[in-house]
Amino acid sequence: MNGHKDVLGMYVGENESAKCWLSIMNDLKNRGVEDILIACVDRITGFPHAIDAVYPEAEVQQCIIHQIRNSTKFVSYKYIKKLIANLKLVYAAPSEEIALNELELFKDKWDSKYPKIYKSWHDNWVTLSTYFKYPEAVIRLIYTTNATEGFNCLLRKVTKSKTVFPSDDSLLKMLYLATMDITKKWTGHRQDRGQIHSQLEIYFDERLEKQNL
């Protein structure tokens, strides 16, 4: 809530299953993370359910950028620009009501060629549409997992020169040292921190009061 960015944990697992994510959520809870207001996640199966199991009051926003990439990866180059323009009318709509209307119009235009796109947006709408209730400053904060993607990209620069590690511990040690170098540069605040803080105080007033923040 003070506007600082940080890394709360690093984990190595064989796969990104719901069980794996549940163990990570429980670890964060046990280490003192009492509440999560909004969690932005990508399309990993089971992640939202794991969050809900440990932090039932947390709101989950599925990354819009990942959803767009997944929606367009099999679209013909001939149609891609027009389809993306129509899709933008959905995710950039000024309200959820308008977005849902645009989604139905999208279905009318594209369902005959690419029926899976509408189905994916429709089936995941609950977690794709969370950000519509918030103002632009908060939307910019939660609509994408780009902050995590950027951090992971910096970690890959460290590990790409060494493709084999003797153990998980050796990998974690290297990632830990890299994380210390990366996070020590995170000394500033977002320019819109004040506006975001004010909005969150209103939306989550009672929960923040419990934490004495």
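This report walks through the fold, cores, surface and salt bridges of one predicted protein model.

## Overall build

The protein has 12 helices and two strands. Along the sequence, the elements follow the pattern α-β-α-β-α-α-α-α-α-α-α-α-α-α. The C-alpha trace spans about 50 × 45 × 35 Å along its principal axes.

Of the 213 residues, 35% are buried. The protein exposes about 13,800 Å², and carbon and sulfur atoms supply 53% of that area. Now take the contacts with a separation of 6 or more: residues 24 or more positions apart account for 66% of them.

## The nonpolar cores

The largest nonpolar core has 30 residues. Those with the most contacts inside it are Ile38, Leu83, Ile117, Trp121, Trp125 and Phe204. Several helices give two or more residues to this core, among them H3 (64-72), H4 (80-91), H5 (96-110) and H11 (193-203). A second, separate core has 15 residues, including Ile36, Ala39, Tyr55 and Ala58.

Look at Phe204 again. Leaving out residues up to four places away in sequence, Phe204 touches Leu37, Ile38, Glu59 and Tyr134.

## One side of helix H6

Helix H6 covers residues 115-123. Its buried residues are Ile117, Tyr118, Ser120 and Trp121. They cover an arc of only 160 degrees around the axis, so they sit on the same side of H6. An α-helix has 3.6 residues a turn, so residues three or four places apart point the same way. The buried residues of H6 pack against H3, H4, H5 and H7.

## A buried loop residue

Is threonine 145 buried or exposed? Its relative accessibility is 7%, and buried means under 20%, so threonine 145 counts as buried. Threonine 145 lies in the loop between H8 and helix H9 (146-159). Its contacts, not counting residues up to four places away in sequence, are Cys40, Val41, Asp42, Cys63 and His66.

## A patch on the surface

Some nonpolar residues lie on the surface. Tyr176, Leu177 and Met180 form a nonpolar patch there, with about 310 Å² of accessible area together. Tyrosine 176 belongs to helix H10 (residues 168-183). Its relative accessible area is 47%, so tyrosine 176 is partly exposed.

## Salt bridges

How many salt bridges does the structure hold? There are eight. In one of them, the side chains of lysine 133 and glutamate 59 meet at 3.1 Å, N to O. Lysine 133 lies in the loop between H7 and H8, and glutamate 59 in strand S2 (residues 59-62), so the pair ties together parts 74 residues apart in sequence. Lysine 133 is partly exposed, at 44% relative accessible area. Glutamate 59 counts as buried, at 19% relative accessibility.

Another salt bridge joins the side chains of arginine 140 and aspartate 192, at 3.0 Å, N to O. Arginine 140 is in helix H8 and aspartate 192 is in the loop between H10 and H11, so this pair ties together parts 52 residues apart in sequence. Arginine 140 is partly exposed, with a relative accessible area of 38%. Aspartate 192 is buried, with a value of 13%. The side chain of aspartate 192 also meets that of arginine 190 in a salt bridge, at 3.0 Å, N to O. Arginine 190 is partly exposed, with a relative accessible area of 36%. Salt bridges with shared partners join Glu136, Arg140, Arg190 and Asp192 into one network.

Notes: Residues numbered from 1 in each chain as written. Predicted model: local features only at pLDDT ≥ 70, side-chain atom pairs only at ≥ 80, totals over all residues. Heavy atoms only, no water. Core = buried A, V, L, I, M, F, W, Y, C linked by side-chain atoms within 4.5 Å. Buried < 20%, exposed > 50% of the residue type's maximum accessible area, 1.4 Å probe, protein only. Helix = DSSP H or I, 4+ residues; strand = E, 2+ residues; numbered from the N terminus. Contact = heavy atoms within 4.5 Å. Patch = residues over 30% accessible without salt bridge, like charges linked within 9 Å, V, L, I, M, F, W, Y side chains within 5 Å. Areas by Shrake-Rupley, 256 points an atom, 1.4 Å probe, with all protein chains shown as cover. Salt bridge = Lys/Arg side-chain N within 4 Å of Asp/Glu carboxyl O. Arc of directions from axis to C-beta.
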